[in-house]
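Here are my notes on the model you asked about. Please read them with the structure open.

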Amino acid sequence: MNIRTASLTELVEAARSGDNRAVGRLLTLVERGSAAAEEVAALTHPLRGNAHVVGITGAPGSGKSTLVGRLLAGWCQRGLRPAVLAIDPSSPISGGAILGDRIRMDDVIPEGTFVRSMATRGHQGGLALAVPGAVRVLDAAGFSPIVIETVGVGQVEVDVVAAADTAVVVATPGMGDAVQANKAGLLEVADLFVVNKADRPGAADVRRDLELMLDLAHVTGADTDDSGVYFRPQILMVTATTGTGVAEVIDGIADHLKHLTASGRLADRRAHRVKAEVRSRAHAALEQQLRHSMQSDAATAALEKAINSNFSPVDAARKIVQKITGD
Ligand SMILES: Nc1nc2c(ncn2[C@@H]2O[C@H](COP(=O)(O)OP(=O)(O)OP(=O)(O)O)[C@@H](O)[C@H]2O)c(=O)[nH]1
Ligand SMILES: [Mg+2]
C-alpha cells in the first residue's frame, strides 16, 4: 500500500491490522486538523474503545520520559502493546527542549511499541481536538496502554491528563513539587503519584508533603466523588534511571484500572471524555463561524458603531452572535 495515496478507509484498515506506518500517517492527519482529521475521527469511532489511557504529567525535567521508557519495557515484558503520545511544548521548528539534558523518547523506545511526539505550538484547533483524535487512532490500532505524556504547566495539559482513565503525577525532590502540583490542580486529578529521583536527598520529604495534602483533601471530602467512591492515590518512590520502583508503578496503574472497573467509574470517565471532545469540537466549530461572521458587513457595521460609541460593545456582540444563531 502506498501510504501517501491510500484512502482514509484503507489507512484505517491497515492501521487496524498492525501497519504502524499507516498509524503514523493517520496521526499526522489528526495533528494537522481540518477536514481529513475530522474524517479520521469519524472512521475510528468507536472501533475498539478498550485501551487503558494513562496520563502522565510532571514538571519539566522531572524524569517523565525516562519513566515512560521504563514503563514501556515493563509492559512489553508483560505481553502488552503500549503506545505513547508525548505532547511536546517545545517548538517544532527549533526543536528546542526546555532542558538541555532531557531524554529523547527515541533513546528509550523498546521494539514493538509506538511513540509519537505531538507539537503543541501552532496547532490548528489545539490539543483539545488533536489528543482525543490521536488516542482513538492508537486505540483502533490495538495499542494498550496508551500513555499521554504532558508537561503539567498549563490548564490544557492538566485537562488532558485529567481526561485519562488513570492520571499519574510525577514529583521530584527539591523543586517544591508537591506544592506546585497542588496549585496546578494536579492533586485533585491524580490517581497515582510517582516520587521520581528517589535516589536524591529530599525524596522522603516530597512523599510526606503529598501524604499530608491527601490527608487534608480526605478530611474535607474533596477527594470523594459524587457517588461517594473514595480511592486514595498511592505514592510510589521511583528511580527511573535505574528502574527501581517501576514494577510497582506498573502494578499501581493496573490496580487503578481494576478499581475503575469494579466501581463502575470506568464508564463514567469514558463518558466524560466523549463529552469533553464533543464540547471541544462544538467550540471549535462555533469559533470558526464567529471568525466568518466577524467579516460580514453587519459585523463590520456593528463594530464601527461600537468604536464610535453610540452602540455599546454588549449590543455589538449581540448583533454578531445573532448572525450565527439566527435569533
Ligand atoms: N538522579 C536521577 N535522575 C533522573 C531520574 N530520572 C530521570 N533523571 C534525569 O533527569 C533528566 C530529565 O529526564 P527526562 O526523562 O528527560 O525528564 P522529562 O520530565 O521527560 O523532561 P521534559 O520532557 O523536558 O519535561 C535526565 O538527565 C535524566 O537522566 C532519577 O530517577 N534519578
Ligand atoms: Mg520528556
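1. Basis. This is a predicted model, in which local features need pLDDT of at least 70 and side-chain atom pairs count only at pLDDT 80 or more, while totals for chains, interfaces and linings use all residues. Residues are numbered from 1 along each chain as its sequence is written, chains are lettered from A and ligands numbered from 1 in the order in which they are written, and side-chain values use heavy atoms, with hydrogens and water left out.

2. Largest core. A nonpolar core is a set of buried Ala, Val, Leu, Ile, Met, Phe, Trp, Tyr and Cys residues joined through side-chain atoms within 4.5 Å. Buried means under 20% relative accessible area, exposed over 50%, and partly exposed in between (1.4 Å probe, protein chains only). The largest such core has 34 residues, and the members that touch the most others are Leu-11, Val-23, Leu-85, Val-131, Leu-138 and Phe-143. At least two residues each come from α1 (8–16), α2 (20–32), β2 (83–88), β3 (114–119), α5 (127–140) and β4 (146–151). Helix α5 gives the most, 7 residues. Helices (H or I, at least four residues) and strands (E, at least two) are DSSP runs, numbered from the N terminus.

3. Which residues does Phe-143 contact, leaving aside neighbours within four places in sequence? They are Asn-20, Val-23, Ala-51, Arg-81, Pro-82, Ala-83, Phe-114 and Leu-138; contact means heavy atoms within 4.5 Å. A second, separate core has 20 residues, including Trp-75, Val-170, Leu-192 and Ala-240.

4. Helices α1 and α2. Their axes come within 8 Å and cross at roughly 130°. That makes α1 oblique to α2, because angles under 35 degrees count as roughly parallel, over 145 as roughly antiparallel, 65 to 115 as roughly perpendicular and the rest as oblique. Axes are lines fitted to C-alpha atoms, for helices over the stretch in contact, and angles run from 0 to 180 degrees between N-to-C directions. From α1, Leu-8, Leu-11, Val-12, Ala-14 and Ala-15 meet Ala-22, Val-23, Arg-25, Leu-26 and Leu-29 of α2.

5. Leu-29. This residue of α2 is buried, with a relative accessible area of 10%. Not counting residues up to four places away in sequence, Leu-29 touches Leu-8, Leu-11, Ala-36, Ala-37 and Val-40. Ala-130 is 101 residues from Leu-29 in sequence, and their C-alpha atoms are 9.5 Å apart.

6. Val-170. Strand β5 (residues 166–171) holds Val-170, which is buried at 3% relative accessible area. Its C-alpha atom is 6.5 Å from that of Asn-196, a residue 26 places away along the chain.

7. Helices α11 and α13. Helix α11 (residues 265–294) packs on helix α13 (residues 313–325) at about 115°, with the axes 10 Å apart. Leu-286, Gln-289, Leu-290, Ser-293 and Met-294 of α11 meet Ile-320, Lys-323 and Ile-324 of α13.

8. Backbone. Cis peptide bonds join His-45 to Pro-46, with omega about -15°, and Ser-144 to Pro-145, with omega about -5°. Pro-46 is in the loop between α3 (34–43) and β1 (53–58), and Pro-145 in the loop between α5 and β4. Ser-34, in helix α3, is not a glycine but has a positive phi near 75°. Ser-34 is exposed, with a relative accessible area of 56%.
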